[in-house]
Amino acid sequence: MTVNLTDRMKAWIEAMGCHLCVATPEGVPFVVLGRYAKATANDEVAFALAEDEMKVIAPALSENPRVAFGVSRQGGIRAAYQFKGTGELLRSGSVFDTVAAQAKEEKGIDAGAVLLVRLTELYCTKPGYEAGQRLDGMSPEDLDAWERQRWKDVPRKKD
Amino acid sequence: MVKFTKEMKEALRVPGKGGSLIYLCTSNRDGNPNIAAMRFVATHMDDKILIADMFLLKTKANIKENPEVAVTICHPLDEGRWWVFRGKAVDMEYGFPRDFDWYGANATDILNEWGNWNKAEPPDEVPPDIVFPKAVQRGVVVVHVEEAYSIEPGHVGEKVLEG
């Protein structure tokens, strides 16, 4: 399905970073932080990873590209979404160069790789009757309206 | 067998009591990962993490077919809480045999103490636009932790607990 990130979702993702979850093909999960995140399109998020962060997820990712992530810090509750897609570790190219340079400048991260996640699924994780509601496939306008009915707060960027 | 540190036990409690919002990461048997934030968290013995089964959907289905899970601190992160706990989980639901045992954790003990978690530790700190109108608890997820690694910048992947 098509994922259309709202401006508010992008703001939370970029301000707080995300917890990234991958799994081996047999289902053993691994988690690292994506401390620097950049929404590179409405359905794409790039994370700058230091070498040691990349090493934790690279073995699983090389066999199974599926990635799930949630927003870190207050975003775990204020940005009640789960994002899913397929991930690719980039070590060169224009996306790597751009995101790695921004991560260095803004957060001092020496990126060994950039994890580019192409989003295919989006879920609401607000506890209660909307938990698990699938939101991908909604038009950008409908998703924006759906979100605005519930939340409007946008975070300040975390140092 | 691992042994939680004092700091870990303090962190693995509900946020309103100085603890943390956590992420529970699961996967189905085919490697489709899932990550969901949880408020109701506690430790049991020295190597078990307890999480309320409220509103669990994919997490629940995944645990039923694949016990491998990871638990990590979502918020706050700035107090040295840079851990990922890995282990095996079961969802001890009401109706489990009273003598059911998960690596030394007894179902009767767990459900007696943690089976009505919302009443014991109500979500007073959760914002009104997020808090659920009515809690329905179906059980308690018990994670038997076998190892933990760091996600602290500069130390990512280093073992902080080993069985």
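In this predicted model, A:Arg35 forms a salt bridge with A:Glu53, and the closest N and O atoms of the two are 2.9 Å apart. Because A:Arg35 sits in the loop between β2 and β3 (36–41) of chain A while A:Glu53 belongs to helix α2 of chain A, the pair ties together parts that are 18 residues apart in sequence. Over all chains, the count comes to 25 salt bridges. Side chains of opposite charge can pair when their charged atoms come close.

How many salt bridges are there between chain A and chain B? The count is 1, and it is the meeting of the side chains of A:Arg78 and B:Asp129, at 2.7 Å from N to O. Between the two chains there are also 16 residue pairs in polar contact, counted where both residues are at pLDDT 80 or more. On the side of chain A that touches chain B, at least two residues each are supplied by β1 (18–23), β2 (29–34), α2 (51–63), β5 (66–71), α3 (75–78) and β6 (81–90) of chain A. The largest share of that side, 6 residues, comes from β5(A). By residue type, this side of chain A divides into 20 nonpolar, 11 polar and 11 charged residues.

Taken as a whole, the interface brings 42 residues of chain A into contact with 42 residues of chain B. The two chains bury about 3,400 Å² between them, and 60% of this area is on carbon and sulfur atoms.

From the interface we can turn to empty space. Rolling a probe the size of a water molecule over the atoms shows where empty space is left. The largest pocket holds about 520 Å³ of space, and its lining is made up of 30 residues, with A:Thr125, A:Pro127, B:Ala36, B:Ala37 and B:Met38 lying nearest its centre. Elements of both chains give two or more residues to this lining, namely α3 and β7 (111–124) of chain A together with β2 (33–38), β4 (48–54) and α2 (58–65) of chain B. The largest share of the lining, 5 residues, comes from β2(B). In composition, the lining of the largest pocket divides into 22 nonpolar, 6 polar and 2 charged residues.

Two details of the backbone remain. Most residues other than glycine have a negative phi, and most peptide bonds are trans. A:Arg73, however, has a positive phi of about 55 degrees although it is not a glycine, and this residue is found in the loop between β5 and α3 of chain A. In chain B, a cis peptide bond joins B:His75 and B:Pro76, with omega about 0 degrees, and B:Pro76 is found in the loop between β5 (68–75) and β6 (83–93) of that chain.

Key
Residues are numbered from 1 along each chain as its sequence is written. Chains are lettered from A and ligands numbered from 1 in the order in which they are written. This is a predicted model: local features need pLDDT of at least 70, side-chain atom pairs count only at pLDDT 80 or more; totals for chains, interfaces and linings use all residues. Side-chain values use heavy atoms; hydrogens and water are left out. Contact means heavy atoms within 4.5 Å. Buried area is the accessible area (1.4 Å probe) that two parts lose on being put together, summed over both. A salt bridge is a side-chain nitrogen of Lys or Arg within 4 Å of a carboxyl oxygen of Asp or Glu. A polar contact is a pair of N or O atoms within 3.5 Å; within protein, one must be able to donate a hydrogen and the other to accept it, and residues adjacent in sequence count only if both atoms are side-chain atoms. Helices (H or I, at least four residues) and strands (E, at least two) are DSSP runs, numbered from the N terminus. Ala, Val, Leu, Ile, Met, Phe, Trp, Tyr, Cys and Pro count as nonpolar, Asp, Glu, Lys and Arg as charged, and the others, Gly among them, as polar. On a 1 Å grid over the protein atoms alone, a cavity is a set of points where a 1.4 Å probe fits but cannot get out, and a pocket is an open set with protein on both sides within 12 Å along at least five of seven lines; lining residues have an atom within 4 Å of a point. Grid points are joined across faces, edges and corners, and a volume is the space filled by probe spheres set on the points.
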